Every structure is written in C-alpha cells, then in structure tokens.
Protein chains: 2
Amino acid sequence: MKLDYTNMLSTALDGRGIREADIDGLAARFGEVHEDVERRRASGEYGFFGLPYERDTIAEIRKFAEGVGQSFDTIVVLGIGGSALGTLALQQALKPPHWNELTDEQRDYFPRLYVLDNIDPTTIGPFLDRIDLSRTLFNVVSKSGATAETMAQYLIVRERLQQQFDTDGLRGHLLFTTDPQKGVLREIATAENIASLPVPPNVGGRFSVLSAVGLLPAALIGIDVDRLLAGAAAMDERCRNGDLRNNPAGMFAALQFLAHTRAGANIHVMMPYSDRLYLTADWFRQLWAESLGKRKSRDGRDVFTGPTPVKALGATDQHSQVQLYIEGPFDKTIAFLTPAAVGLDVPIPAIHSELPSVSYLGGHTLGELIDAERIATADALARSGRMNMTIELPRIDEHAIGQLMMMLEIATVYAGGFYDVDPLDQPGVELAKQLTYGLMGRAGYAAPEITTASRRILE
Amino acid sequence: MKLDYTNMLSTALDGRGIREADIDGLAARFGEVHEDVERRRASGEYGFFGLPYERDTIAEIRKFAEGVGQSFDTIVVLGIGGSALGTLALQQALKPPHWNELTDEQRDYFPRLYVLDNIDPTTIGPFLDRIDLSRTLFNVVSKSGATAETMAQYLIVRERLQQQFDTDGLRGHLLFTTDPQKGVLREIATAENIASLPVPPNVGGRFSVLSAVGLLPAALIGIDVDRLLAGAAAMDERCRNGDLRNNPAGMFAALQFLAHTRAGANIHVMMPYSDRLYLTADWFRQLWAESLGKRKSRDGRDVFTGPTPVKALGATDQHSQVQLYIEGPFDKTIAFLTPAAVGLDVPIPAIHSELPSVSYLGGHTLGELIDAERIATADALARSGRMNMTIELPRIDEHAIGQLMMMLEIATVYAGGFYDVDPLDQPGVELAKQLTYGLMGRAGYAAPEITTASRRILE
C-alpha cells in the first residue's frame, strides 16, 4: 500500500495546503501519541489491535462457516452501524457485483447475503415475504444486545420463524454475535441454546469488522478471512513504528489533522475510483465521524471538534461533486483510493472511428479510462490549490483490504490523539436513544415535549 | 408537503441558529431573486420549469413505453451524473426494494432496470456477460453526446450487439436520449435511424430528471409519469409566489443560505428517514453542489463559494454520523425527509415480554419506531443547538416525489440568486476533462506532466 501525499503540500498547491515543516512539527507530538496508543493497546483498552491474532475465534468462525453454515442459501444479517457497515464493505470489495442476483453457479454455491441495516417497514416487510425461511440463517449482530433497531428486527423475524418451525428448528436459523457475557442476546442464547459468537468486550462496534461481526458473514460467502487478517497483521506490524514519516496510519491521520486545523478543511472526502471500494468509504465514514466528532476533550474541556467525513465515488461523482471540490471553498481534503491493478479489464472497441469526439477512446480499456480520469482529477484539484492524496492498494483482494481497514482503524486512534479526544466513546447518541425510549413508552423514560403551537411550519 | 423549520431558529436553539429577523431581512432580496428567476424562466434560460408541461415529449415517451418498450425484460441506462441520478432516485422511491431481484410476477411484468453510472470494468464486464442481450434495451443518455464514460460504455455495448445482431436487429436494442439537434449521438441516431428522445437544449443534466432522461426509464418500469409531472406542476404553481414566507422552495433556499452565511454551516446534510428516499438525497447532492459550488460570482469576482451537500440515512446513520452531528462543530444543517404515512407497515410482536430492554418494542410497528427515532433525533439535535428542519411528504408516491424534486430544483436556482452565482454552469470540470483527453491520447490535448521524482510517497 502506498500513500502519495504530494498534493497535500504547499509546494504542489501554490502556497495553499500543508507545509513540510507542519508535518515535522507534528512528528514529536506523534511520538507521544504513538506511545500513548501502544500503552492503551497493552492495557487492553484498544482491543481491535488484537483481532488479527484471535486464533480461537477464527477457528470457531471457520468451523461454523465450513460446517453448519453450508446448509443455507441466504444469510441475513440483522445489524446496524458497526454491526453492518464492515460486512457490507467486505462483501462489495471481495465478491462480484450484484452478488444477490447471481445464480447459485455464478456464486460458486456460496449463499446470498443481505444486511438489514435499517428499520424501514417498506423494505423489511416485502423482503421477509419473499425469502425462503427454511434456507435462511439470521445472524443477529449487536454487541450490547439492546440495539432497538436490531432487536425490533429480531422480534419480527423470530415470530415468523416460530410460525414455521418448532423450538429445535427455530434455533437452527439463528446465530447471535454479541458480548460473551452480558446483554439480552447472550441471555437468550444461553437460555435457549442458540449458536453464538463473541464480540470481545474491549472492541467497540465501529472497530469490530475483523471480529466475528464481519468475519462470520464474510467466511460464509467465501471470503478468505485468513488472508484478510494476514493483511491486517502486516499493517499492524508496519504501524508499530513511532516515526511519523514511516507510519502510514500516522501520516494519514497527521495530514488530515493538519489540513483541518491549519488549512481549514473541516470536510474529509474519501473518493475511491472503484465500485468495489465505495462501501469501504462508507464504513470509514462511521469510524472517522463517531470517533472524532466530540464535544469534550480528554480532560473535559468543551472543544466541539471533529471533521465531517464524506463518501464520494470516482469517476461517477466527477459529474456531481467535483465542480464544487475544484471551485468551491478551500474547506476539504480528498483522499482517493485506487487499486494499482484493476484486475479484470474491459477493452473499448474502435467503433465510430470517423468521429473525433469518441474515436480517441477506442483501443484503450475501461481500466485505463478510469485511471486517466483519476489522475486528471487529482492534478486538476492540485492546480486549483485543493489538497488531495492517493492511497494505492496493490490490488483489491483480501490481503489489501485487511491492510487498508487496519490502517484506517489505527489512523483513527492516532487522530483521536491529535484531536485530544477519546476515539472510543459516543456519548452524544445517548439523548436521542432515551427520547426514543420515551416516545415508545418504555418505563422510566420521558418523551420529548413538542408543543405544536410554537412550531414554525410552512404547509 | 410541509416544511417545519422550528429547529433552524435561535428560539429553539438557545440562541444559536437563524433569527426570524434574518429571514425577514432576506425577504426583500428574495423578491428580487424571485423576479430574476421568473425573468430567466420567461426568457427560456431556465428550461426545467417547462418540463411538466411538455405534452408532446410526454406523449412520445408513453407511446414508446407502452409500445416497443413492452418487448424488453431488462432496461440498461448508460449514463452518468445528471443522466443517472434522477432515474436511480425515481426507481428507488417508487418501485419496491430489490427491484432487479424480483420475479417477473413480483415486478408485474415490468422490466428490470440497471443504471451503469460508472466505468469500473469489474462491474461492467461481469454485468454484460450475464444479461440476455436479446431481451435488453440500452438507453444511452448524454445530452452532449460526448460524455467520455457514457460513450465508452456505448462502444462496448455496441460491439456486443453487433456480434449478435444485424444492423436492423442492433437498432432495436438502442434508444438515445440526447440533444434534439447537436452532438455525436444525434448524428448516429439520424444516420442509422436509431430511436431517440430529446433533452431540451435549455435543460442542463442536473435539472433533467423530469425530461425524457428520467421519464422514459420511469415509464418503462411502470411509474406513473403523469402523476409525477402533476406533482411537479403543483409545486411550480406554489412557487410562483414572490412572498418568501409562503414559498417552500424560497424558504428552503433561504434557511440553508442563512445557516451557511450567518451561522457557519458549510455542510448541508439531507437525511431521509426512509430507504425509499436515500437516492433522492444523492440526486439532490449533485443539484446543490454543482449549481452552487462556484469560483466566480455572476459579475466575475472570485468568491470560491458553495455549501457541501451530504447524504445520510435515518435511522441507519444514527449509528454512524449522529454522534458527530450532535457533539461536533456547529458547521452543519440537517434536513430530514419523511413521509407522513409510511404505507405498508410491519408490526413488532410482543415476544420476550419478560425482558425490559426489548419488551417496550412489542405492540408497536417499525413505522412507529422509525418515526420515534426521527423525532427524538431532531429534538436531541435542537437541544444541542444544532440546526435542523423537516420536510414532510404526505406519502411516497409519484405526486409527492414530483413535488419534492421540483421544490428542490427551484430552491437551487433561488439559492443561486442568494449566493449570486450562475446555478446552470460547471466551468470547474473542464480542466480535468481536458487532462483526461490528454492522457487518453486525444489529438490536440496535453496530458498532465507528473514527474515522479518530485512526488512524496510513503510506500
């Protein structure tokens, strides 16, 4: 994996952007941040570092996937946020497009995979009506076992299973991924002897893709989880280096932090030039937003900080967002993701060679065109004084995706250090949860008082 | 359609946000903007206003959809940006989820619809390999007829068609939507007698959803385009009002503009609480970014302006972005979209009633839960001093979507007036296009000079 940050630097941006001296200035601070992260890792606080090395869980996952898991042709994950985004990213990156539309043969007899990451009844009703429950495994994923959306889905699914199967049969269609000790899902799993996998207590939802949360669905659809974890481990190894200039996660975090705090970029766009990596950018969006978007600093001061991550897709968003990125305010960075080798390419035939506005395309490939567009866009942004960098993966496979995800997770805890916030908590979502409980009539919670009279409504 | 802007106002936000006096102060300016827009409309500059009333084109579209169009079971749109986003939004809003996975019967025998809005060979290759060309219509959509991505796709598709059909047969699988007079696609259509539909010359890509660009694919999959246009016409009528407080598009534009310029919100999030409206937010993202993200004001001064639109999805993104929205910087507005009536709802059964952390859900419906979460999130944002507003559609149907899309298009040209930029141009994308031509070896264009030696790369 390479990180090309030429276009983040003032030397490429006609004076705008970051100075080399800014990076050097942050290097000492990075040394402290790195040490702090290593210390928190050693103390067990940053559990995600250990995920590539959890031999027992990995064996358990493989055993299930290669055993009981073989008997389903549809896997449905009930999960939201950190229980959904990583799985969706892995599926899109590492399996062919339109996976669920392919025939059994085209899927090499691996199952279809759906992730129900919302509670819109107009999606869930028709979906449950059309799938064949007898061939479906529901993987209920909630670390706490109390996530309202996931538990609502689970109750609905459970009723349908109960209507069709006896207790033994029902059990065979459920797999819980949850805390090893605590919570309602664990309680039910124990009481009813339902299969389950653990989410380590020291691994938060948004850092859980390389736990059973992401690995089990991945293994079920034929993703090589060992290679994925080997890639993550290789990146972990690279990032044990406390020298900023040689630590890719450190450099990514430092560049984004400097761009925000020194150059006014409160918006961090991640823009893969690859359909396969769009949902990886969406997964990153949670990681970056929820970890860094904080009211309080570590020592309790009000800081109201955090960059806003945005996902975009090249070349598509050249026809939607790039006008703004090139001409609008100097308030963003763009991080491009690209594979060095596209894999399967498609030649563009030389038809209509008499028409100059299309004939230049013939004889090239789609891979060459998308690459040319990425290079041209990065260069045009730089010429317009806009900070951008490019993360190049060798190719899109398990090893590279493992590296990339680990790099971004490590970058997130480093960035927590730079911003001086706790990257693991999310106190801001508590209030809305409690208000929801109130509106749903849960005992002990109050609904918001919304007096219609005082509202300003244009009808 | 209702616009509830209570939570944009300082009265709801403990002093943060917009003052009623700011809105009143902008009302006079809106009068001028409104007049200017009406004048440009009358002069033919803002062609999108006329789309709901284009009887001839609509008749032509219906004729094709109800005639020749019936013989295909797969429609593939080749298009990007404005040629793709509106169609995707209409399909998601107005047809059942997972449309392309449904059986013929479940689709009421309407065709599948794919929009190839990118040039990733790892998507396009496998896709073209698996569809049955003999039952497929390719709708090539490019106003200019020169869009590199779309023309590359077209050449690839055309070669495949040529391999399978003679000239007559080939023609039957193509339909061009393009400028009525100019451009390569028009030239080919005329020379080869290929079916075509017009994009009015005074309608730009991002304002074209209610032209043949969006209407033809919509009609082919059974969307009631007359109701869609009736909704748009009803909104157009409402927005002829020059009184800001009674013009919904005016209020939407004014609130966003004031939030940006008076209250520092350079990020405008659109967050539907409905899976059906997520791609409508994506469609809006182009409209808002490309129209308002401008270097130059109307009179040629450097302004480097434009808010950054972001799409988010409720309830899903409560578990990804809401922590940042509630606790991070005061740099955003959130516009919620919601249907007043969810349509098909799903009850949550009262199972596990002995467990308090799930039992409160039983007896409610998913529609109630998603609504409670939206209300709770809006209230929690307001209590944290964060600007938000709610657009409520009566339901999600053709008439409401027509209203919403027209409202957002009109709001965009009003916002162009407030920001004092031309909402119709996109000069910033020209440079990257030319550099791409250079890299692809098109005669007369230079490739960017990228000297590897001077690059800063961490490998």
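In strand E13 of chain B, Leu458(B) is the bridge partner of Leu3(A). This contact belongs to an antiparallel pairing, over two bridges, between strand E1 (residues 2-4) of chain A and strand E13 (residues 457-458) of chain B; strands count as paired if DSSP finds at least two bridges between them. Helices (H or I, at least four residues) and strands (E, at least two) are DSSP runs, numbered from the N terminus. The model is predicted: local features need pLDDT of at least 70 and side-chain atom pairs count only at pLDDT 80 or more, whereas totals for chains, interfaces and linings use all residues. Residues are numbered from 1 along each chain as its sequence is written, and chains are lettered from A and ligands numbered from 1 in the order in which they are written.

The contact between the chains takes 122 residues from chain A and 122 residues from chain B, two residues being in contact if their C-beta atoms, placed from the backbone, lie within 7 Å. On the side of chain B that touches chain A, helix H14 (residues 366-383) of chain B gives the most, with 12 residues. By class, this side has 61 nonpolar, 35 polar and 26 charged residues (nonpolar: Ala, Val, Leu, Ile, Met, Phe, Trp, Tyr, Cys and Pro; charged: Asp, Glu, Lys and Arg; polar: the others, Gly among them). Because 99% of the interface residues of chain B are also interface residues in chain A, the copies meet through the same surface.

Chain B is superposed on chain A by a rotation of 180° with 0.0 Å of shift along its axis (RMSD 0.0 Å). The two copies are therefore related as by a two-fold rotation axis. In chain B, the C-alpha nearest the axis is that of Glu101(B), 2.9 Å from it. Superposition is by least squares on the C-alpha atoms of residues with pLDDT of at least 70 in both copies.

Within chain A, strand E5 (residues 174-178) is mostly covered, with five of its five residues buried (20 or more other C-beta atoms within 10 Å of the residue's own, C-beta atoms being placed from the backbone). In a regular strand the side chains alternate between the two faces of the sheet. Leu174(A), Phe176(A) and Thr178(A) are buried on one side of E5(A), and Leu175(A) and Thr177(A) are buried on the other.

E5(A) pairs in the parallel sense with strand E4 (residues 136-141) of chain A over four bridges, and Val140(A) stands opposite Phe176(A). Four bridges also join E5(A) to strand E6 (residues 195-198) of chain A, again in parallel, with Ala195(A) as the bridge partner of Leu175(A). From E5(A) the chain crosses to E6(A) through helix H7 (residues 184-192) of chain A in a right-handed β-α-β crossover; with the strands pointing away from the viewer, the path from the first strand over the helix to the second runs clockwise.

Technical notes: A residue is buried if 20 or more other C-beta atoms lie within 10 Å of its own, exposed if 12 or fewer, and partly exposed in between; C-beta atoms are placed from the backbone.
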